[in-house]
Amino acid sequence: MSRRAVTVRVARWSATHPWRAIGLWVVFVAVCFAAGSWTGTTKASDEDMAQGDSARAAEIVESGNFDDPAEENVLITSRSGRLDRDAAAAAAGDVAKRLGALRDVEEVGRPVPSHDGQALLVPVTMAGEPDTAADRVGTLLDATAKVQADHADVRVEEVGGPSIDKGITDQVANDLSKAEFISLPVTLLIMLVAFGAIVAAGVPVLLALSAVGAAFGLSALASHVVPAVDTISSVILLMGMAVGVDYSLFYLKREREERANGSSHVRAVEIAAATSGHAVVVSGFAVIVSMAGLYLANDVVFASLATGSIIVVAVAVLGSVTVLPALLAKLGRRVDRPRVPLLWRLTNRSGPPRVWPALLRPALRYPLATLLITLVALGALAWPALDLKLKSSTDDDLPRAIPVMRSYDRLTAAFPGEGVHHLVAVRAEPAKAAQVRDRLTELYDRTREDPLYASVAPPHIEVSADHRVTLLDVPTRQKPGTDGATRSLEELRTSLVPAAVGSVAGADAAVGGPIAWDVDYTNNLSDRMPVVIGFVLLLTFVIMLVTFRSVAIALTSLLLNLLSAAAAFGTLVLVFQHSWAEGILDFHASGSIVAWIPLFLFAVLFGLSMDYHVFVVSRVREAARRGLPTREAVGFGISRSAGVVTSAAIVMVSVFAIFATLSMNEMKQMGVGLAVAVFLDAMVIRVLVLPSLMTMLGRANWWPGRIGRPHGTRIDDQPTEEMRNIPEPVR
């Protein structure tokens, strides 16, 4: 049984049993969401995300079974001028009293003055499991706020790992709510313009929301196998709203078109299933295959993002080919009610389109010149991508809209040792613990006079209970992703650590920490990137080859997708590696792109491009099978599909652009990259590059097969009245 027959049979069953199909879908969504809420989500840890030598350092630390409680710091500074030490001491005493009385606090340490005496630091050790500290740190923050209220003459603020995690979680939740609040009315408005009727506008949005809800639950279940990263909820919402609305839009547009041509409700659904439904399945499968390539990166971030994306796309496809036919059959002509008078007349004009044939005229009349000019323009936009620089996101890249990050900046300025650290982890026989400690102390002393490091305080050395593992923190003034940070890491790994620990027989040493994590993560990404890209290219080629049985179509698909992806990368570099857009998008330019963004964008773009490409080329092939010459078939297929493709592209661009306004840099970069790529794909690639290329290739588009009228199908075998009346192209 062919995939096309399956989509038709499923649609026929749903259309003839609408209440069963709708009921099963509601139950499916409810069960998925409830199951995910019941099981909860397993978050990826730093150890899960470590690569290379950083992973080895994390493994050594783990083997030491250290009692590593969550720690917070209360920073007391002057609001202006020099610090009043008496006022600071009084505030520190109040901190010890209030926080020490909390059950979530195990110990409040003695106040520590800064090197210049202008700040006072009160260390706080939290009780309980470190993994749940971020959920419990709110009581500490409330107590610190009360201390601040009673000591207004100094600044009292709390900062630490749990409070930063809580700040990030709250900010992501606020961003997610903002995206939902803006994207829903925007998407509804676009659908209203596309259909001119309120019910028709609401159906795609409703299905997309149900797909997102089910995907949230299923992704929570999947996180117990593939741990989830913080951005997974945002990615599911972004992908789900984009593809969910698009798939329903393709299907609904075709069903309305066939009803307008005189087909019954069920027959119109069957034709939509055989054409747009088939294109939706192929497009969804292409997205899933592209995202599956991210598993080859051997990285928990990509595995989590791939899992969430695959789930939401699969659910969106399932909804489009099962419950959507049931809704359309049940609603019948009521799907076009209530009509918005002006919009209805604009979107339901009879006769051939006028705007799109005019836009296509340069590509159809002068294909070679159009192709060359467009390629030069896209190449110029892609050129900055050659200067692409990658860096993992760190605390320094977090938005300062998060209040605790402003406190973090003041903490690291007053106490450099509380900022970025290298972690030297050594494992040796218990009898050699004293020797290892002495060697690490010597190593620390050698870093005191080196400007790459910030070794001012006495060395912080920890030894495991079994005396097998010893840890040393080496503070540095360097920020992750900078040349100085890389030099400080290389000096430790290639010189200082081997010189210090090399004389300890049988010792195993590794250097971890945020700088090492960034360097090792980026290096692993560079090593795995060719594998992932090669996989995505190969599988995309195979999918297009099987779908259209044409090597030429498969190769041109790769070329077009590479063009839009390269142009998107060039735009990312122009916007985020320079400072000119900082005021517009409200971010701080770090001179680099978040390390996982380009590869993730590449996989997503290759998948999403299939939405338009499969849909448009399918319409061109339908026209060619009905006997139209290539030039006319290209003009007819693209102009007749342009309305739905443009509407779908506007939805995607709008949703992605909303994410560019959120706080987190990852979301901004992903939103800008996807919005630019989809816009170029729909408005430049499909209007200029694709028609000019297909016109030049002529019948070679279908090589090595032959385009001809198919046998045994009533959908494609005769020209429609619309085709008989198609005007001759300008020659």
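These legends accompany close-up views of a predicted model.

**View 1. Helix H10 and the glycine that follows.** Helix H10 covers residues 232-260, 29 residues in total, and stretches 41 Å from its first C-alpha to its last. That is close to the 42 Å expected at 1.5 Å a residue. Because 25 of the 29 residues are buried, H10 is largely enclosed by the rest of the structure. Look just after H10 and you will find Gly262, with a positive phi of about 105°.

**View 2. Strands S7 and S10 side by side.** Strand S7 (residues 421-427) and S10 run antiparallel and are joined by 5 bridges. Across this pairing, Val424 stands opposite Val511 in S10. Strand S10 (residues 508-512) is mostly covered, with 4 of its 5 residues buried.

**View 3. Two aromatic pairs.** The whole structure holds 4 aromatic pairs. One of them, Trp517 with Tyr521, is stacked, at 4.9 Å centre to centre and 10° between the planes. These two residues sit 4 residues apart in helix H20 (residues 514-548), so about one helical turn separates them. Tyr521 counts as buried because its relative accessibility is 2%, and the cut-off is under 20%. Phe602 and Phe606 make a tilted pair, since their ring centres are 4.7 Å apart and their planes meet at 35°. Both phenylalanines belong to helix H23 (residues 597-625), 4 residues apart, about one turn of the helix. Phe602 and Phe606 are both buried.

View 4. Leu368 is part of helix H16 (residues 367-382).

How values were computed: Residues numbered from 1 in each chain as written. Predicted model: local features only at pLDDT ≥ 70, side-chain atom pairs only at ≥ 80, totals over all residues. Heavy atoms only, no water. Expected span 1.5 Å × (residues − 1). Buried < 20%, exposed > 50% of the residue type's maximum accessible area, 1.4 Å probe, protein only. Pairing = 2+ DSSP bridges. Phe/Tyr/Trp six-rings, centres within 6.5 Å; stacked < 30°, edge-to-face > 60°.
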